[in-house]
Amino acid sequence: MDYIILIISSLLINNILLAQFLGNCPFLGTSKRMDTAIGMGIAVIFVLTIACIVTFWVQHKVLDPLGIDYLQTVSFILVIAALVQLVEMFLRKFAKPLYTALGIFLPLITTNCAVMGAALLIIRKEYTFTQGVVFAIASASGFTLALILMAGIRERLEISDVPLALRGTAIGLITAGLMALAFFGFQGMDAALTALVRS
Amino acid sequence: MGLMREFTKGLWKDLAPFRVVLGLCPILAVTKEAETGLGMGIGVIFVLTCSNVIISSIRNIIPRQVRIAGFIVIIASFVTMVELFSQAYFYPIYQKLGIFIPLIVVNCIILGRAEAFASRNGVIASALDGLGIGLGYTMSLVLLGSIREILGAGTIFGVDMMWASFRPFTFMAEAPGAFVSLGLLLGIMNAVSRKS
């Protein structure tokens with residue numbers, strides 16, 4: 001039952017994008033059109049989950065036993081960069097349709113701080129392996145949810161009369177703020193949800 | 001004169017994140033208070049300047065195909081230094097910044113400058129470029145941090161600023177306030193730069 005709380009918490013209450021501010025550059029960059037938003041969202045779910053599994057293993061089987069914790073930042077970013085390359089090569093070879101759909105988004109994911117951020121959060125919050133995987137999938141789905149919602153809004157914004165100075169990123173940020181306000185409404189749910197699940 | 005321009009362009013022409021929209025995550029996440037914004041800015045200045053210097057001095061040695069990986073390792077080493085140093089000497093700020101210190105690695109500004117400037121220019125020009133861009137970014141962080149701290153808590157750098165009956169807007173201290181105030185600031189910057 002605790003997993004249900006974890007899923008809802010990382011999907012809605014502590015949405016990785018709107019409450020924890022991770023992954024904002026691709027969020028504003030790829031949310032102008034619905035098809036790119038969906039492509040980016042799926043690519044993030046895919047890479048983030050694999051990256052969290054691999055970095056979890058690196059932390060607990062390599063860094064901790066050897067006592068070289070201070071290499072965490074360097075090793076995580078290298079693992080993520082290498083992994084993105086591997087996923088790209090693998091998809092190009094074995095899953096051509098998926099590669100043509102996600103190909104252009106994969107290189108962008110290396111510098112998406114949502115991936116590195118989720119990997120670090122799993123270690124800092126001392127999750128077990130299963131909790132970590134659930135957290136990773138739910139967080140990435142939360143990212144995709146926010147991205148797709150935003151793309152829907154921005155397609156409408158294209159045809160509306162926005163003040164000249166606010167066009168582009170500025171109105172995107174304000175829209176994201178209003179969405180964050182809506183997601184902020186979930187904050188009160190945390191305690192109620194815990195009580196409901198436990199009863 | 002030419003070198004001076006490398007420094008000053010970061011303060012207005014290429015001011016991050018307003019004129020060049022990069023590095024948004026930290027600027028939203030650590031600007032609840034002016035102090036954390038300043039701490040983050042100093043970290044970015046250090047990492048950006050040092051990595052620019054190293055990258056530009058070995059720019060002819062790194063093979064083109066693996067340059068991005070090389071840049072990332074150099075940047076990550078400096079970020080680790082910032083992390084350990086702040087943990088040892090500035091523990092309260094280290095705790096407040098949390099995972100955003102290691103996340104300096106994936107700040108697009110730093111990799112962007114490495115790729116666009118340091119890998120093509122001399123050491124001194126790259127150092128000035130790093131200092132200028134870093135300083136501009138710090139100014140933006142402190143500006144947004146001050147606005148949010150004054151409206152969200154009525155203080156600036158922890159000092160009371162507002163009259164006694166002032167009611168802080170909780171909105172500004174939370175996530176939505178960060179997005180909306182950055183968006184409005186960006187709009188003001190656009191309007192100003194269009195006039196000039």
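Predicted model: local features only at pLDDT ≥ 70, side-chain atom pairs only at ≥ 80, totals over all residues.
Residues are numbered from 1 along each chain as its sequence is written, with chains lettered from A and ligands numbered from 1 in the order in which they are written.

Confidence comes first. The model scores ipTM 0.87 and pTM 0.89. Chain A has an average pLDDT of 87, with 98% of the residues at 70 or above; pLDDT is the predictor's confidence in each residue, from 0 to 100. Within chain A, α10(A) has the lowest confidence, at a mean of 74, and α8(A) the highest, at 93. Helices here are DSSP runs (H or I, at least four residues), numbered from the N terminus. Chain B averages 89, and 99% of the residues score at least 70.

Next, the place where the chains meet. Chain B brings 35 residues to the contact and chain A brings 33; two residues are in contact if their C-beta atoms, placed from the backbone, lie within 7 Å. On the chain B side, α2 (24-29), α4 (67-89), α6 (108-118) and α9 (175-195) each supply at least two residues, and α9(B) gives the most, with twelve. Sorted by class, that side has 27 nonpolar, five polar and three charged residues. Nonpolar covers Ala, Val, Leu, Ile, Met, Phe, Trp, Tyr, Cys and Pro, charged covers Asp, Glu, Lys and Arg, and the others, Gly among them, are polar.

Now for chain A on its own. Helix α1 (residues 2-13) of chain A packs against helix α10 (residues 189-198) of chain A at an angle of about 160 degrees, with the axes 10 Å apart. Axes are lines fitted to C-alpha atoms, for helices over the stretch in contact, and angles run from 0 to 180 degrees between N-to-C directions. α1(A) and α10(A) are therefore roughly antiparallel (over 145 degrees). Ile4(A), Ile5(A) and Ile8(A) are among the α1(A) residues in this contact, and Leu193(A) and Val197(A) among those of α10(A). The contact has seven nonpolar, two polar and one charged residues.

Note on methods. Parallel < 35°, antiparallel > 145°, perpendicular 65-115°, else oblique.
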